[in-house]
Every structure is written in structure tokens, then in C-alpha cells.
Amino acid sequence: SHSWDYSTQGGPDKWAEHFPIANGARQSPINIIPSQAQFDSSLKPLKIQYDPSRSKDILNNGHTFQVTFLDDNDSTILTGGPITGTYRLKQFHCHWGGSDNNGSEHTVDGVKYPCELHLVHWNTKYANFNEALNKSDGLAVIGVFLKIGSANPRLQKVLDVFGAIKAKGQQTTFPNFDPKNLLPASLNFWTYEGSLTTPPLYESVTWIVLKDPISVSSTQMQQFRKLLFTSAGETPLCMCNNYRPPQPIKGRKVRANFK
Ligand SMILES: COc1ccc(CNS(=O)(=O)c2ccc(S(N)(=O)=O)s2)cc1
Ligand SMILES: [Zn+2]
């Protein structure tokens, strides 16, 4: 598969060359305009049931860090909200900037957060994650904004192992982590139909973007930026600005489960 990155030569503005769906009708991320979101009273509350014993390992895949979960049973699932059926958590990862002024993929009234967390779930109507990957109702991703404030002790558990996954391709075990601890108190959300925000950019994602951020300190953000895009032995490139900018809404409706 074609190599892509976030640089000027191979970054978001060039992805359409190898992934023409980059100019598709339901691309992500988007700029969310709260005043234009439609309150939908038929949206059910999000039901998030995570079993921390299903967390497996943490990997530097050259684009971000990713914490992967065992997904061979229904112990770590998402139901309710805008989705029908049961979606299993596969992995979570983040996108962040080179400074505290940018980094999130979704924006709210044009406001960028320094970081955005994505919890990736797949629809169990399909046999497995890879089957679900390119289906229009295949994935549901919960997006959580991180806002500069007090240090986040739950997030620190993830940052503490970054030393073992500094370079692309490095991974280490990461057991007994409960990603529920990375969610804000309120599960108020905006939702819309979109895509993966990285190649292959499949238009297979029901996005569920939480309105309330969680906190992260500036010092913690500096730890994200110590990760490398590059493999061990290569000229080191700081892993930062690994976010795609907002894409055209193309007539899509954004719904809210709150007024
Ligand atoms: C085997 O072939 C493949 C092909 C592609 C993937 C991508 N990985 S993925 O689906 O988890 C995601 C990519 C981008 C995500 S975002 N930023 O929208 O939450 S999620 C995995 C396996
Ligand atoms: Zn993502």
C-alpha cells in the first residue's frame, strides 16, 4: 500500500493522488458549528462498556501510537447513541500538534484543541474489523478533545510507556488499561457520517464527537512530541502535527443529543 505521511510531500493535500476518495462526499474530520447542529431527541444515550482486561499492547505505527484491544468477544463494546447494534473496541490513538495551539482533527467553531483521542469500534454484524473497515456502517469512532489544564493522571499511564515505543514499529505489552477513564464526565455528543481521517480514508465511520474535553497539561503534551515518525536508526523526525485538517461538509447534517 502506498506510503503516506503528514509532510508537505506526502501529506493530506497529496493523499487524493493515491486515495481519490479523499475528495469524497463524506470525508472527515469536519469543523463542527454547534449553532448549526440539529438536536435529535431520538438519539439514545451512549452506552460504553469496557473491560480493562482486554487491553493488549501499545504500538508506534509511524503515524501515531495505538493501544490495541482483544476483540474476540462482546466484553468491550459501544451501543446506543446514533448506532444500531453492537460495536467492539479495536484500538485507540491520538492526533496532536507541534504546539499547544493546534493538533485536533475536528474543530469547534474553528477552534483547534492541542490533541484529539479516537476510540475505534467495529460493527459486529461483520465477521471482524477488517471486514467492517470499508462498509458504510462498519465503524464508530468516539472523538474526545484534550484541553490544556491540569495534568491527567489516567493519560499519564499511557505516556509512561512512550519510552518503549519511541520509534516506528516498536511495541510493548499494555495490559489492564481502562479507556473509560479517558472519557469526560458528560457523554454529550455531536454525530455525523464520515470517514477514516487517514488513508485509506474509507467512508465507513459514524463519528461520535464528545462536546466536553478532558484535561492534559502542557508538559504532558511535550511527552507526545518525543515520539518519532521514523524507525530506529533513521534520522529522527518528531511525531507531531499528525492531524488532517477539516474537510468540506458537502451538505451533511450534524446532530446533537443535547440542547
Ligand atoms: C488491514 O488494512 C488496514 C487498513 C487500514 C487500517 C486503518 N486503521 S484504522 O481503521 O484503525 C483507522 C485509521 C484512521 C482512523 S481515525 N483517525 O479516523 O480514527 S481509524 C487498518 C488496517
Ligand atoms: Zn484518528
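Trainee: Which residue forms a salt bridge with Asp71?

Mentor: Good place to start, and keep in mind that this is a predicted model. The closest N and O atoms of the pair are 3.6 Å apart, and a salt bridge needs a Lys or Arg nitrogen within 4 Å of a carboxyl oxygen of Asp or Glu. The pair links distant parts of the chain, with Asp71 in the loop between strand 5 and strand 6 and its partner in strand 7, 19 residues apart. That partner is Lys90.

Trainee: How many salt bridges does a search of the whole structure find?

Mentor: As a general idea, side chains of opposite charge can pair when their charged atoms come close. Asp71 with Lys90 is one such salt bridge. Searching the whole structure gives a total of eight.

Trainee: Which residue meets Asp100 in a salt bridge?

Mentor: The N to O distance in this pair is 2.7 Å. Asp100 lies in the loop between strand 7 and strand 8 (107-108), and its partner in the loop between helix 4 (218-224) and strand 15 (255-256), 125 residues apart. The partner is Arg225.

Trainee: What is the geometry at the site of the zinc ion (ligand 2)?

Mentor: His93 (NE2), His95 (NE2) and His118 (ND1) are the protein donors, lying 2.0 Å from the zinc ion. His93 is in strand 7 (residues 87-96) and His118 in strand 9 (residues 115-123), so this pair ties together parts 25 residues apart in sequence. Four donors count as tetrahedral if all angles lie between 85 and 135 degrees. The angles among the four donor atoms here are 99 to 116°, so the site is tetrahedral.

Trainee: What pLDDT does the chain average?

Mentor: Where pLDDT is low, predicted coordinates should not be read in detail. In this chain, 100% of the residues score at least 70. The average pLDDT is 98.

Key. Residues are numbered from 1 along each chain as its sequence is written. Chains are lettered from A and ligands numbered from 1 in the order in which they are written. This is a predicted model: local features need pLDDT of at least 70, side-chain atom pairs count only at pLDDT 80 or more; totals for chains, interfaces and linings use all residues. Side-chain values use heavy atoms; hydrogens and water are left out. Donors are N, O and S atoms within 2.8 Å of the metal (3.2 Å for Na, K and Ca); water is not among the atoms, so sites may look incomplete. Four donors count as tetrahedral if all angles lie between 85 and 135 degrees; four count as square planar and six as octahedral if opposite donors are over 155 degrees apart and all others between 65 and 115; anything else is irregular. Helices (H or I, at least four residues) and strands (E, at least two) are DSSP runs, numbered from the N terminus. pLDDT is the predictor's confidence in each residue, from 0 to 100. A salt bridge is a side-chain nitrogen of Lys or Arg within 4 Å of a carboxyl oxygen of Asp or Glu.
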